[in-house]
Amino acid sequence: MQLVPLHVGPVPCHDVADQLVTIKNVHKELPVDYVIARSTFFKPSPASGKIPPGQSASVVVRYEPKNLGTHADHLVGLYKLDSVGPIA
């Protein structure tokens, strides 16, 4: 996975701002399952899914400040390739 910084700019308290992020499966044969954890101010949607080989998925990351100030966080993304069959 490649880390991509998101900059949403100023957003009033209790308002929202959405950023579109693209996740690409560069494997040529196997699909990949992904899960992105949400944080206090940042919520991915969909937070999980399956991406076919060579395809991409779009995820909207919503920034929803609940108090005043500048907010920064890291969204943790986990992924795994589906196996083709049983592991011997």
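Predicted model: local features only at pLDDT ≥ 70, side-chain atom pairs only at ≥ 80, totals over all residues.
Two strands count as paired here if DSSP finds at least two bridges between them. One spot to look at is Val32, which sits opposite Leu81 in strand 6.

Zoom out a bit and you get an open sheet of three strands, ordered 4-2-6 and paired antiparallel. Strands 4 and 6 are the edges, and each has a single partner strand, so one side of each goes without a neighbour in the sheet. From one strand to the next, the twist averages 20 degrees.

Here are the strands of that sheet with their residue ranges:

| Strand | Residues |
|---|---|
| Strand 4 | 48-51 |
| Strand 6 | 77-81 |

Now for the packing. Nonpolar side chains tend to be buried together in soluble globular proteins. The largest nonpolar core in this model has seven residues: Ile23, Val32, Tyr34, Ile36, Ile51, Ala57 and Val59. Strand 2 and strand 5 (56-63) are the elements that put in two or more residues, and strand 2 supplies the largest share, three residues. Val32, then, belongs to this core as well as standing opposite Leu81.

What is Ile36 in contact with, once neighbours within four places in sequence are left aside? The list is Ile23, Pro44, Ala47, Val59, Leu75, Val76 and Gly77. Ile23 and Val59 from that list are also members of the seven-residue core.

There's a second, separate core too, with six residues, among them Val11, Phe41, Phe42 and Tyr63.

How values were computed
Residues numbered from 1 in each chain as written. Heavy atoms only, no water. Helix = DSSP H or I, 4+ residues; strand = E, 2+ residues; numbered from the N terminus. Axes fitted to C-alpha atoms, helices over the stretch in contact; angles between N-to-C directions. Core = buried A, V, L, I, M, F, W, Y, C linked by side-chain atoms within 4.5 Å. Buried < 20%, exposed > 50% of the residue type's maximum accessible area, 1.4 Å probe, protein only. Contact = heavy atoms within 4.5 Å.
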